[in-house]
Amino acid sequence: MDETIDTPAPLTVLVENHRAFLRYLERRLGDRALAEDILQDAFAKVIDRPDLAPGDEAIVPWFYRTLRNAAIDRFRRTETATRALEAFARELETQASPDRELETEICGCVTRLAKTLKPEYAEALQAIDVDGTPVKTFAERHGLSAGNAGVRVFRAREALRTRLRESCGTCAEHGCLDCTCQAMTSP
């Protein structure tokens, strides 16, 4: 009679060691929720790809290495994201806003071009974009539905954008702040 030892499947061994794996991660990470996330992701990978589990070595030591690598990868991704956010914050802090004279020149150009639009478009842009009137309030004041007022301001912006392109060329499309364009005199 051939007696063989019935060994549990690799997944069963991993599940039986769940608490030990969780403690291992939690001690290293100091965050139970993060440890649970990493452990769950690692289990999911083994379930999705059981062929990744080693056939020639003990599965538990292999899984500990897998967890260690997953924790290291998570830290690297977090550090990379943190560095990117810090760089963005530094960029925002050091980014100079246009000086008052340049802003006045840009606003003058846009205001001049807005006056060449249909009167209802110019009025909508002035009220909503310049004065900060809510679209709903603008609509009520002019006997329009909020939807119609929204369409009007959308069309007004498109018309102004077209005028800017005609007057300033492609620099207007790319947000150029050096407004040396020629004044448009015709509507």
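# Helix packing and selected residues in a predicted model

The crossing of α2 and α3 is right-handed.

Biologist: What kind of model is this, and how many helices and strands does the protein have?

Modeller: The model is predicted. From the N terminus on, its elements run α-α-α-α-α-α-α-α-α. The count is nine helices and zero strands.

Biologist: How are α2 and α3 placed relative to each other: parallel, antiparallel, perpendicular or oblique?

Modeller: Helix α2 covers residues 18–29 and helix α3 covers residues 32–48, and their axes lie 8 Å apart. The angle between them is about 130°. Roughly perpendicular ends at 115 degrees and roughly antiparallel begins over 145, so α2 and α3 are oblique.

Biologist: Which residues of α3 meet α2, and how does the contact divide into nonpolar, polar and charged?

Modeller: From α2, the residues in the contact are His 18, Phe 21, Leu 22, Leu 25, Glu 26 and Leu 29. They meet Arg 32, Leu 34, Ala 35, Glu 36, Ile 38, Leu 39 and Phe 43 in α3. The residues of this contact divide into nine nonpolar, one polar and three charged.

Biologist: Is Thr 133 buried or exposed?

Modeller: Thr 133 sits in the loop between α6 (119–130) and α7 (135–141). Leaving out residues up to four places away in sequence, Thr 133 touches Ala 127, Ile 128, Phe 138 and Arg 141. The cut-off for buried is under 20% relative accessible area. At 12%, Thr 133 is therefore buried.

Biologist: And Pro 134: is this residue buried, partly exposed or exposed?

Modeller: Pro 134 is also placed in the loop between α6 and α7. Exposed would require over 50%; at 48% relative accessibility, Pro 134 counts as partly exposed.

Biologist: What is the C-alpha to C-alpha distance between Arg 161 and Leu 113?

Modeller: Arg 161 belongs to helix α8. Its relative accessible area is 38%, so Arg 161 is partly exposed. Arg 161 and Leu 113 are 48 residues apart in sequence, and in space the distance is 9.5 Å.

Biologist: Which percentage of the residues in the protein is buried?

Modeller: The accessible surface of the protein comes to about 13300 Å², and 53% of that belongs to carbon and sulfur atoms. Thr 133 is buried. Of the 187 residues in the protein, the buried share is 24%.

Biologist: Among contacts between residues at least 6 apart in sequence, what percentage join residues at least 24 apart?

Modeller: The contacts in question are those in the protein between residues at least 6 apart in sequence. Among them, the share that join residues at least 24 apart is 58%.

How values were computed: Residues are numbered from 1 along each chain as its sequence is written. This is a predicted model: local features need pLDDT of at least 70, side-chain atom pairs count only at pLDDT 80 or more; totals for chains, interfaces and linings use all residues. Side-chain values use heavy atoms; hydrogens and water are left out. Axes are lines fitted to C-alpha atoms, for helices over the stretch in contact, and angles run from 0 to 180 degrees between N-to-C directions. Helices (H or I, at least four residues) and strands (E, at least two) are DSSP runs, numbered from the N terminus. Angles under 35 degrees count as roughly parallel, over 145 as roughly antiparallel, 65 to 115 as roughly perpendicular and the rest as oblique. A crossing is left-handed if the near helix is turned anticlockwise from the far one by less than a right angle, and right-handed if clockwise. Contact means heavy atoms within 4.5 Å. Ala, Val, Leu, Ile, Met, Phe, Trp, Tyr, Cys and Pro count as nonpolar, Asp, Glu, Lys and Arg as charged, and the others, Gly among them, as polar. Buried means under 20% relative accessible area, exposed over 50%, partly exposed in between (1.4 Å probe, protein chains only). Accessible areas come from the Shrake-Rupley method with a 1.4 Å probe; for residues, only the protein chains shown count as cover.
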